[in-house]
Amino acid sequence: MKSRNNRASSHLTGQVELGNVGNVGNGAWVNQAYCGSPPPIPRVISTIYDPQPALQGSMDSAYKPDSSGPFPETPNRAEPAQSKKRRGCCSFIKGLWGTTLTENTSDNRELFVRTTLRELVVYLVFLVDICLLTYGMTSSSTYYYTKAMTDLFVNAAGESGVKFQSIGSMNDFWDYTQGPLLDGLYWTRWYNDQPMKTGDQSFIYYENMLLGVPRMRQVKMVNNSCKVHQDFEKEISGCFDVYDEKKEDVVNFGLINGTAWTYHTEKEIKGSSHWGLLTTYSGAGFYQDLGRTKDESRVVLTELISNLWLDRGTRVVFIDFSTYNANINMFCIIRLVVEFPATGGAIPSYQIRTVRLIRYITNWDFFILGCEMLFCLFILYYVVEEILELKIHKFSYFGSIWNVLDIIVILLAIVAIVFNVFRTVKVDKLLGTLLENPDLYADFEFLAFWQMQYNNMNAVNLFFAWIKIFKYISFNKTMTQLSSTLGRCAKDIVGFAIMFFIVFFAYAQLGYLLFGTEVESFSTFVKCIFTQFRIILGDFDYDAIDRANRVLGPIYFVTYVFFVFFVLLNMFLAIINDTYSEVKEELSSQKDELQITDIIKQSYMKTFTKLKLKNEKISDVEKALHSGSGEVEFRDFRETLKELGHADHEISAAFSQFDRDGNQILDEAEQEKMKKELEEKRDALSAELNDLGTKYGKDLHEKAPATAHELKRRGSQTFIEREQFLRLSRQVLHLESSLSNVSSRIALIMEKIGLEDLPGSSSNAVVSVPGTSELTSRRPTIYPELNGLM
């Protein structure tokens with residue numbers, strides 16, 4: 001009986017062996033008529049009644065058909081308990097964080113594609129999450145808010161006709177502050193001159209609350225900070241150098257009775273440096289806070305003008321204030337800058353930052369909060385993944401640009417998470433102080449600056465995250481053409497770049513020296529570089545070049561366009577095109593490897609085969625029912641199905657489902673119920689098979705005709721037709737059934753004569769029949785799926 005149980009267990013393992021149909025790369029049987037997979041690898045033929053644990057373990061990793069239905073699938077007991085212990089925490093980690101760098105996929109193309117596909121699916125979820133986060137931080141209202149503030153404080157003109165952008169002297173600056181600036185800052189009346197009933201609080205455009213009071217700050221240079229030539233020492237008594245932080249004027253001046261006349265360090269006023277158009281200015285200087293009403297501020301400005309607050313030593317003036325719009329939950333931090341260079345005149349510039357500092361108010365905000373939590377989990381997941389890959393590959397891990405990109409994305413994400421926490425705490429503290437003291441200056445400049453850097457960092461991180469998709473789709477030949485082309489021609493491009501930039505910078509120097517004094521786009525060397533890139537793209541002002549130098553200007557332009565645009569740029573394109581042609585030709589001549597489409601086809605064929613086998617199992621049961629007349633006894637039912645190769649316990653389980661009274665006999669009512677359910681299952685299977693056959697037939701018609709090379713390769717392959725395979729399988733099972741009866745009788749005789757404990761004897765004897773193992777190992781499981789049908 002032990003040998004019978006072993007034979008039955010061998011049939012049970014057929015469900016695992018069916019999974020080998022998908023293992024094309026491992027030499028499993030694949031019907032060449034259904035998918036264009038490579039031919040099977042021949043294996044040694046032997047009949048195994050008791051599969052070895054190693055073989056069984058390898059089969060368990062393959063595809064297992066589902067057994068949905070009232071009969072549970074018999075668990076596999078062939079795997080020892082020791083193997084289960086080894087699959088503890090390490091197996092869980094390996095399965096959860098398994099990647100192409102942690103799995104040994106060098107000899108298994110299918111495992112490589114499946115692992116890469118799983119990585120791609122997980123990464124796409126991460127990408128969707130990070131997109132929701134980045135786009136959830138802003139909206140189209142941000143642009144319109146910025147535009148409204150720009151139109152009001154930069155483009156609006158006062159009664160004198162002075163706009164901020166048109167400021168060219170100190171007189172224009174004071175005209176602007178007393179006109180458009182005060183008119184834009186303080187809104188306390190409606191358009192019909194009725195009061196807004198908001199007290200001293202100003203609501204710009206009736207919607208945007210002015211936070212605290214505005215602040216004006218200037219940075220001055222000390223007198224005699226530059227050296228006057230001896231020929232002019234008598235005529236010129238004062239000299240104020242270009243801005244230099246070391247030469248700042250720190251001496252109190254004027255009335256010396258307030259902050260406007262007293263120097264304050266950057267630490268005292270909690271300021272920060274500013275990168276202007278001419279240079280970078282410190283956060284120190286002399287500052288004056290305006291009032292909460294228009295009249296108070298006008299008095300303050302009048303006092304500053306009458307006491308000559310701005311003089312020859314002034315190099316820059318800052319006007320800072322902040323507003324908040326509760327409708328869209330946005331802060332707008334505005335800085336108006338007017339630089340007074342040592343050459344005289346004024347150069348205005350402005351900086352308007354619209355940011356969202358208070359994050360969680362609406363339902364959408366709380367949804368973004370959930371996405372942020374999911375983002376943190378993803379980062380933790382990828383941190384563990386990178387640690388595992390580093391542990392395996394050591395320093396060779398950094399040899400791949402994709403791995404370096406992974407590290408960059410993770411580091412930027414960690415910095416973003418830390419800043420998000422810091423920003424939330426800092427804003428709550430600042431708003432609490434501001435609400436308690438509304439007459440103070442609301443210094444949101446620091447937070448606005450770092451919020452913008454945070455947004456920039458997220459934008460760069462999102463860009464890298466999208467580029468990283470190429471890492472997961474590189475298993476496809478078409479997708480590798482870009483990376484292969486760039487990698488192949490990298491040395492040629494580097495050599496060409498050296499030659500290109502030698503010529504390019506030579507022309508940049510020439511343009512700076514020829515036109516720098518008259519043409520703004522050539523006024524600095526950096527501007528010359530970008531101007532020449534614009535000329536390549538067709539964006540240039542030839543008239544300005546010609547006016548600056550009527551002789552050398554046209555020569556510069558014509559030679560630059562000829563050598564850089566017509567010669568060097570086309571050489572660069574020729575390098576790329578030549579390398580791309582080589583890569584494309586090599587890829588077309590390479591042998592086709594397993595692609596994702598092949599895996600989809602294999603999954604399709606597994607489903608198709610399962611349905612066909614289920615249909616045959618129904619036929620086997622119907623034969624067993626028709627073999628008896630009237631009532632069907634369990635013995636006859638069992639003998640009929642055993643002849644068809646089914647195991648005893650499976651037959652018993654199927655019979656007991658419909659034997660309600662447990663008398664080991666199926667009466668007519670029970671038989672009718674079984675037949676009815678079998679017919680229903682058969683109809684459902686037929687419909688599924690027809691649907692699958694129609695879809696697959698359509699795919700075959702749409703498939704391109706095979707080339708002569710493919711036909712020759714297919715002609716050299718030999719495979720067994722499916723009907724012939726099933727017929728041979730049944731013959732082998734009949735032979736096994738006969739041999740199992742003989743072996744069971746031998747075991748019974750040995751037990752009777754007391755030889756069961758003799759050396760060399762075993763109830764689990766292995767009987768080898770040449771030519772039958774290959775078919776037996778591929779015989780699918782019968783009754784676990786039959787149980788699912790019934």
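This is a predicted model: local features need pLDDT of at least 70, side-chain atom pairs count only at pLDDT 80 or more; totals for chains, interfaces and linings use all residues.

User: OK, so is Cys131 buried or exposed?

Analyst: Cys131 counts as buried, because its relative accessibility is 14% and the cut-off for buried is under 20%. Cys371 counts as buried too, at 6%.

User: How many disulfides are there?

Analyst: The count comes to 1 disulfide. That disulfide joins Cys226 to Cys239, with an S to S distance of 1.3 Å.

User: Where do those two cysteines sit in the chain?

Analyst: Cys226 and Cys239 are both in the loop between β2 (208–220) and β3 (274–275), 13 residues apart.

User: And what's the handedness of the disulfide?

Analyst: Left-handed, because the torsion about the S-S bond of Cys226 and Cys239 is about -100°.

User: Which of the two is buried, and which is partly exposed?

Analyst: Cys239 is buried, with a relative accessible area of 11%. Cys226 is partly exposed, at 23%.

User: Switching topic. What's in the largest nonpolar core?

Analyst: That core has 42 residues, and the ones with the most contacts inside it are Phe153, Phe173, Met216, Trp309, Phe321 and Leu336. Elements that each supply at least two residues include α7 (140–153), β2 and β7 (330–339). The largest share, 6 residues, comes from α8.

User: What does Met216 touch, leaving aside its neighbours within four places in sequence?

Analyst: Among its contacts are Phe173, Trp174, Phe286, Leu301, Trp309 and Ile319.

User: Which residues are in the second core?

Analyst: The second core is separate and has 23 residues, including Phe504, Ala544, Ile545 and Ile575.

User: Phe504, noted. Which aromatic pair is it in?

Analyst: Phe504 forms a stacked pair with Phe500, 5.6 Å centre to centre and with 20° between the planes. Both lie in helix α15 (residues 490–515), 4 residues apart, which is about one turn of the helix.

User: Are Phe500 and Phe504 buried or exposed?

Analyst: Phe504 is buried, with a relative accessible area of 0%. Phe500 counts as buried as well, at 10%.

User: How many aromatic pairs in the whole structure?

Analyst: The search finds 48. Another one of them is Phe463 with Phe464, a tilted pair at 5.7 Å centre to centre and 55° between the planes. Phe464 counts as partly exposed, at 23% relative accessibility.

User: Which charged side chains lie over the face of a ring?

Analyst: Arg215 lies over the face of Tyr287, at 4.1 Å from the ring centre. Lys220 lies over the face of Phe253, at 3.7 Å.

User: Last thing: how many residues does α10 have, and how far does it reach?

Analyst: Helix α10 (residues 363–393) has 31 residues and reaches 45 Å from its first C-alpha to its last, close to the 45 Å expected at 1.5 Å a residue.

User: Which residues of α10 are buried?

Analyst: Among them are Asp365, Ile368, Cys371, Glu372, Phe375, Tyr381 and Glu389.

Definitions and conventions: Residues are numbered from 1 along each chain as its sequence is written. Side-chain values use heavy atoms; hydrogens and water are left out. A disulfide is a pair of cysteine sulfur atoms within 2.5 Å. Buried means under 20% relative accessible area, exposed over 50%, partly exposed in between (1.4 Å probe, protein chains only). A nonpolar core is a set of buried Ala, Val, Leu, Ile, Met, Phe, Trp, Tyr and Cys residues joined through side-chain atoms within 4.5 Å. Contact means heavy atoms within 4.5 Å. The expected span of a helix is 1.5 Å times one less than its number of residues. Rings of Phe, Tyr and Trp (its six-membered ring) pair if their centres lie within 6.5 Å; planes under 30 degrees apart count as stacked, over 60 as edge-to-face and the rest as tilted. A charge sits over a ring if NZ of Lys or CZ of Arg is within 6 Å of the ring centre and within 35 degrees of the ring normal.
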